[in-house]
Amino acid sequence: MKECKRPKRKKIELHLLNEQQKSLFIRAAKCSSWYLEILLCMFCGMKRGEIYALRFDDFNVEEQTVTITHQVSAEYVKKKDGNYICVPTEKEIEMENSRRMLKVPEIIMAELEKRRTRNEDKRVLYGNGCKEHHLISCQKNGDYKSLASMNAAVKRLCKQAGIPNMTTQDLRDMYAVMMLKSENISFLKLTALMGYGTIEETYERYSDLLVRNEDQNKYINQIFWEEGTF
């Protein structure tokens, strides 16, 4: 056994934006229909599938929290012609660590109310043809969005902002960076915030990031005060 060596794991390379690039991206996102989804990913660390399953009732306006219990994932259904089609399917989150409650920054709560009004307008427009899922992120008819659509939107916004291409996972990574910079938290707490299955997963991905001692929501809110969003 002394001759045995533990296999080396491939180092995970994070694709992060600097402050100038982050500012350009947020400005571009603000003018898009994906602004709320991007904020939830970037400043709450939520997964794309979790955002797709969110309903307005999952948010507590008074406490400024969101409860995450479901997610949308891809399910391949065989058609009559033998081909398969990808269908967004909502399921309850099985892993206990991934079911969680998060504090929500003020900017997200403000955008949530705007989205509520916008979705209500859609519902009135479509009438009986509207799907009554009450999702915050949905198609014009109220149905689930395509799973690939958010990454495609992020790619378009990156091109518009003149910055390197990113994915929704890259936005989650930026949330982890902000948490570790804004508050002296443990990897155990970061695991709970981001819904990872084990602390080992979190440590392996983010162990190189620095830690500073500030309040995370104040740090996030300060960004938007400086941007003049409020």
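**Reading contacts and cover in a predicted model**

Guide: Let's start with Cys138, which is buried at a relative accessible area of 8%. Buried stands for under 20% relative accessible area, exposed for over 50%, and partly exposed for what lies in between, using a 1.4 Å probe and protein chains only. This is a predicted model, in which local features need pLDDT of at least 70 and side-chain atom pairs count only at pLDDT 80 or more, while totals for chains, interfaces and linings use all residues. Residues are numbered from 1 along each chain as its sequence is written, and side-chain values use heavy atoms, with hydrogens and water left out.

Visitor: How many disulfides does the structure hold?

Guide: A disulfide is a pair of cysteine sulfur atoms within 2.5 Å. The structure has zero of them. For Cys138, the closest cysteine sulfur belongs to Cys130, and at 7.0 Å it is too far for a bond. Cys86, for its part, is partly exposed at 38% relative accessibility.

Visitor: Which residues of helix α2 are buried?

Guide: Helices are DSSP runs of H or I with at least four residues, strands are runs of E with at least two, and both are numbered from the N terminus. Helix α2 spans residues 35–44 and is mostly covered, with 10 of its 10 residues buried. Among them are Tyr35, Glu37, Met42 and Phe43.

Visitor: Which residues are linked with Glu37 in a network of salt bridges?

Guide: Here is the general idea: side chains of opposite charge can pair when their charged atoms come close. The rule for a salt bridge asks for a side-chain nitrogen of Lys or Arg within 4 Å of a carboxyl oxygen of Asp or Glu. By that rule the count is nine. Glu37 is joined with Arg115 and Lys145 in a network. Its closest N and O atoms with Arg115 are 2.8 Å apart. That pair links distant parts of the chain, from helix α2 to Arg115 in helix α4 (residues 106–126), 78 residues apart. With Lys145, the closest N and O atoms of the salt bridge are 3.6 Å apart. Lys145 sits in the loop between α4 and α5 (149–161) and Glu37 in helix α2, so this pair ties together parts 108 residues apart in sequence. Glu37 and Arg115 are both buried, with Glu37 at 1% relative accessibility. Lys145 is buried too, at 10%.

Visitor: How many residues apart in helix α4 are Glu120 and Arg123?

Guide: An α-helix has 3.6 residues a turn, so residues three or four places apart point the same way. Glu120 and Arg123 are three residues apart in α4, about one turn. Their side chains meet in a salt bridge of 3.0 Å, N to O. Glu120 is partly exposed at 37%, and Arg123 is partly exposed at 33%.

Visitor: What order do the strands have in the open sheet of three?

Guide: Two strands pair if DSSP finds at least two bridges between them. In this sheet the order is β1-β2-β5, with antiparallel pairing. The edge strands, each pairing on one side only, are β1 (59–60) and β5 (100–103). Two bridges join β1 to β2 (residues 65–68) in the antiparallel sense, and Phe59 stands opposite Val66 in β2.
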